[in-house]
Amino acid sequence: MEYRKIEASQVEALWKLQLLYKAEIGEEAPDSAGKARLAEAMKDGRILFFGAFEEESLVGCCSVTVGFSTFLYEPSGVFEDFYILPAYRHRGIARQLVDFAVGESGVSTLTVGCADCDLPLYQALGFRLALGNLLAFA
């Protein structure tokens, strides 16, 4: 398994995983305008995607959006878009992908918002420090 940054030029392979991810969690599939906005955000460096590749096939992905935190006065990241193809789960790929994303993104801290049912998964991946409640302004 090889881990590397997913470039905007690879949006087609990433998009396939995005659609599978959205279907698995019960969300509506994004449209082509969303795909174009995603590619533009990747190109501009507003979101970083990292992938697990078996040869040239993308089998897992995650994203890190980099910001700055006054918790440590260093770059921090928000972890999202985490998906591993079912046939590749339970092989340690998830942990290696998270470790790779943290190292390559240059963040000192990484946060994730998740459903209660996903807490054990994220804790097993190294997300252990509870920071209270995560709320979104909509």
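Author: Glutamate 55 lies in the loop that joins β2 (48-54) to β3 (57-69); here helices (H or I, at least four residues) and strands (E, at least two) are DSSP runs, numbered from the N terminus. The model is a predicted one, in which local features need pLDDT of at least 70 and side-chain atom pairs count only at pLDDT 80 or more, whereas totals for chains, interfaces and linings use all residues. Residues are numbered from 1 along each chain as its sequence is written, and side-chain values rest on heavy atoms, with hydrogens and water left out.

The backbone of glutamate 55 has a phi near 60°, a positive value in a residue other than glycine. Glutamate 55 is exposed, at a relative accessible area of 71%; buried means under 20%, exposed over 50%, and partly exposed in between (1.4 Å probe, protein chains only). Histidine 90 also has a positive phi, of about 65°, although it is not a glycine. Histidine 90 belongs to the loop between β4 (74-84) and α3 (93-105), and its relative accessible area of 83% makes it exposed.

In general terms, side chains of opposite charge can pair when their charged atoms come close.

One of these bridges joins glutamate 2 to arginine 4, with 3.0 Å between the closest N and O atoms. The two partners fall into separate accessibility classes: glutamate 2 is partly exposed at 42%, while arginine 4 is buried at 18%. The charged end of arginine 4 also sits over the ring of phenylalanine 53, 3.7 Å from the ring centre; the criterion is that NZ of Lys or CZ of Arg lies within 6 Å of the ring centre and within 35 degrees of the ring normal.

Another salt bridge brings lysine 35 and glutamate 12 together at 2.6 Å, N to O. Lysine 35 belongs to helix α2 (residues 32-44) and glutamate 12 to helix α1 (residues 11-24), so this pair ties together parts that are 23 residues apart in sequence. Glutamate 12 is partly exposed, with 45% relative accessibility. Lysine 22 and glutamate 27 are a further pair, their closest N and O atoms lying 2.9 Å apart. Glutamate 27 is likewise partly exposed, at 41%.

The aromatic side chains come next. A pair of aromatic rings is described by the distance of the centres and the angle of the planes. Rings of Phe, Tyr and Trp (its six-membered ring) pair if their centres lie within 6.5 Å, and planes under 30 degrees apart count as stacked, over 60 as edge-to-face and the rest as tilted. The structure holds eight aromatic pairs. Among them is the edge-to-face pair of tyrosine 21 and tyrosine 83, with 6.3 Å centre to centre and 65° between the planes. This pair links distant parts of the chain, as tyrosine 21 is in helix α1 and tyrosine 83 in strand β4, 62 residues apart. Tyrosine 21 and tyrosine 83 are both buried.

Tyrosine 122 and phenylalanine 127 form another edge-to-face pair, at 5.7 Å between centres and 85° between planes. Tyrosine 122 is buried at 11% relative accessibility, and phenylalanine 127 is buried at 13%. Together with Phe79 and Phe82, these two residues, Tyr122 and Phe127, make up one aromatic cluster.

Two further sites complete the account. Serine 69, in strand β3, is buried at 16% relative accessibility. Leaving aside neighbours within four places in sequence, serine 69 is in contact with Glu74 and Ser76, where contact means heavy atoms within 4.5 Å. Glycine 45, in the loop between α2 and β2, is partly exposed at 45%. From glycine 45 to arginine 128 the C-alpha to C-alpha distance is 28 Å, and the two are 83 residues apart in sequence.

Definitions and conventions
Salt bridge = Lys/Arg side-chain N within 4 Å of Asp/Glu carboxyl O.
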